[in-house]
Structure formats: C-alpha cells, structure tokens
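Here are my notes on this model. Please read them with the structure open.

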Amino acid sequence: MNKLKHIVFLTPGFAASEKDTVTIPAMQLFLEQLLAELPEDTACSLITFQYPYQDETYCYKGIKVYPLNGQNMVLKKLGVWWRAMFLLNKLHKENPISALHSFWLGECALMASVFGNWKKLPHVISAMGQDVLKENWFYPRMILKSRIVTLSQIQREMLLQNFGLDSQIVPMVMKKSIDLKSNEGPRMVDILAVGSLNTVKNYPVFLALVETIAAEKPNLCVEIIGEGDQRQEIERGIKQRNLAETVHLRGSMPRSQVLARMTESKILLHPSHHEALGLVFLEALAAGMHIVSFAVGISKDIQTENWDVCYTKEEMIRKCLARLENDRPYKSFAWEGADQCIQSYIQFYESAV
C-alpha cells in the first residue's frame, strides 16, 4: 500500500516551464528522477515563493506548480508567507499531505516547519548552499522540528559549527545528471568556468589566475559560461588585464550545450568561495575534465586523480600549468553515490507517515 499520497515541495525559485533548463538544474533533475521512482498514485505539488514572476499555476512534468510571485521584494514577503500558509492548508484539505520537502534553510523551510508542526506532518529540509553560513542567522534558529539534509561533508560541518544543527548527508546527485560521455577528440578550450556571474563564484580571482597562467601559455583559450549581476565588472576586469583575446564570455546557455562544451574543454577552474554540492563538478568529471578548485562542495567526498583541491591561488596556478603541460587522456568519471539519493529521500518521506 502506498503511504505517500501527496508530497508538497517548497522552494524560493523554480523553472518557469519545461523548456527552462537553467533555473536550479539540480532540483529539476532531482524531481524528475523522484517522479520516476514514486508510485503512480502519488500526487506532487510545488510552491515557489519568488520565481517565476507570474501568478498562473502551471504543470512541470506531472508536478502542479503554484508560483507566489514574490519577485524577491521585501515589501511582498509577509504577503507571500500568508499566501503560502493559506495554500498549504487548501492543498491539505483537498488532498491530505503525506510529507513536506523544503529547499534552503530560509523562508520556505520556516513556513513548512510551522505548517508541518501544526498539522503534524513530516518535513524534510534540503540545505542547498549559503544557507549554512553564519550570515543566515535568522532562519536556522527559527526552524521547528524537521529533518535537515546536507549535500556534502563540508556543508554538514559548517551547519553544525555555525548553528549546532546536525544533519544527514545525502548528495543531490542523480544518474541523469552524470549521463555524459567524454569526448575522444581534441579539446579546444584550455580553461572553462561555469556558473552564475556573482560574487560567490569569485571571478576576480579567476581572472587573476588566468592572467598569470596566460603569461606562461600565450595561446591560452578560456571561456566563461553563465550570466549574472557581475557581468559588467567581469568585462572591466578582462579589459584591465588585457585578456580580451584570451577570455571569452559565452553568456547563459541551455544545459545541454553547457554539457557539450565541457566535453570540448580541458580544465574546470572553479575558485568559488562556497558550494554546498557543486553539480558542476560532477558534470565536469563525467565529461572527462580535470578540476582545479578550492576545498568546497563535494571535494572531500570524492577521490579521483582528475581533481586538484587547492588552498592557495599560487597552488591553483601551479596545478593548472601542470595539467596543461601534461595533456593526459580525458576519461569520464561517474560518482557511485548518485544511486542512493532518491531512495534516501523516499525513506525520509515514508519514515514518519
């Protein structure tokens, strides 16, 4: 007998349609594979607080999506929270909720924990990123009794250190996310960066590293895939460092094109300040790329010769130059931990039903 009749997900943002492969791809992949593993009579609903900027309910691969259209506006926040609680109650009356699953230790987790305690429903929270840092001082202290899941050993340690909250590690990695074959042909891109153009991804340091590496490798080819509010600053940095012929901004791309470009690239240089998991790491490894990064995300959880974990900028430069000098075969690497993700979450949902 199916215990899970209705699961409700709560998230700050979600894909605006099935054609949107850019908005939180890790969550899209997770939900797609979860649907494939759940019994057919399990209903799934999703409440998205801030994005997309629309009010109309829509369907995403069998999931009914309810956008609250908060648009990340502070003045709308209390109204969004009230509407979320009203909608949760409405959904529960129409089709009793079996489990709640919220993403990020933020407003979605707070609303779900309040409602879950009121209706005595199991609630799982996936910590997804910077929500485990000290700057997120409010929400982790307001979360009521809920199961918290972190995506890597580093993220679990940060949450425990900063808030005294323990968690269970379940990397949000699915088979579909790493189903990628390494390219046996020539790789034209020496260094690739993939990620939103924001302060967390640390692009000023990326450009400084590339400048030094390019001095040793004059014909270096570098590409940055992504879009964000730091684009103009990055463009200025490229100009100031005389890297216009070396670094090429490719903007936002559909995920399929990003994965294809990875198979044509040698090194993923990723000097990010913080990652909870780093889906981009798994995609790069699956594409046969070498990785040079700081100790973030799942860098402690994966052991492979294709990944150089660094602690200084100088070490990053040395590792990149060594990788470019010793052009080894590019072999795909798939992390076996991917198989456990979906079944772990299903057990969480069922354990308190």
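Which residue's side chain does E157 meet in a salt bridge? Point 2 takes this up.

1. Basis. This is a predicted model; local features need pLDDT of at least 70, side-chain atom pairs count only at pLDDT 80 or more, and totals for chains, interfaces and linings use all residues. Residues are numbered from 1 along each chain as its sequence is written, and side-chain values use heavy atoms, with hydrogens and water left out.

2. E157 and K300. The partner of E157 is K300, at 3.3 Å from N to O. A salt bridge here is a side-chain nitrogen of Lys or Arg within 4 Å of a carboxyl oxygen of Asp or Glu. E157 lies in helix α5, and K300 in the loop between β13 (290-294) and β14 (307-310), 143 residues apart. Helices (H or I, at least four residues) and strands (E, at least two) are DSSP runs, numbered from the N terminus. E157 is partly exposed at 34% relative accessible area; K300 is partly exposed at 46%. The classes are buried under 20%, exposed over 50% and partly exposed in between (1.4 Å probe, protein chains only).

3. Other salt bridges. The structure holds 17 salt bridges. K77 meets E107 at 3.1 Å, N to O. This pair links helix α2 to helix α3 (residues 107-119), across 30 residues. K77 is partly exposed at 25%, whereas E107 is buried at 9%. K266 bridges to D190, also with 3.1 Å between the closest N and O atoms. K266 is in strand β12 (residues 265-270) and D190 in strand β9 (residues 189-194), so the pair ties together parts 76 residues apart in sequence. Both K266 and D190 are buried. Shared partners join E223, R250, R261 and E264 into one salt-bridge network.

4. Aromatic pairs. Rings of Phe, Tyr and Trp (its six-membered ring) pair if their centres lie within 6.5 Å; planes under 30 degrees apart count as stacked, over 60 as edge-to-face and the rest as tilted. By this rule there are 12 aromatic pairs. W82 and F86 are stacked, 5.5 Å centre to centre with 10° between the planes. Both lie in helix α2 (residues 77-94), 4 residues apart. W82 is exposed at 59%. Y345 and Y349 are tilted, at 6.3 Å and 45°. Both lie in helix α11 (residues 341-351). Y345 is buried at 0%, and Y349 is buried at 1%. F30, F103, Y345, F348 and Y349 form one aromatic cluster.
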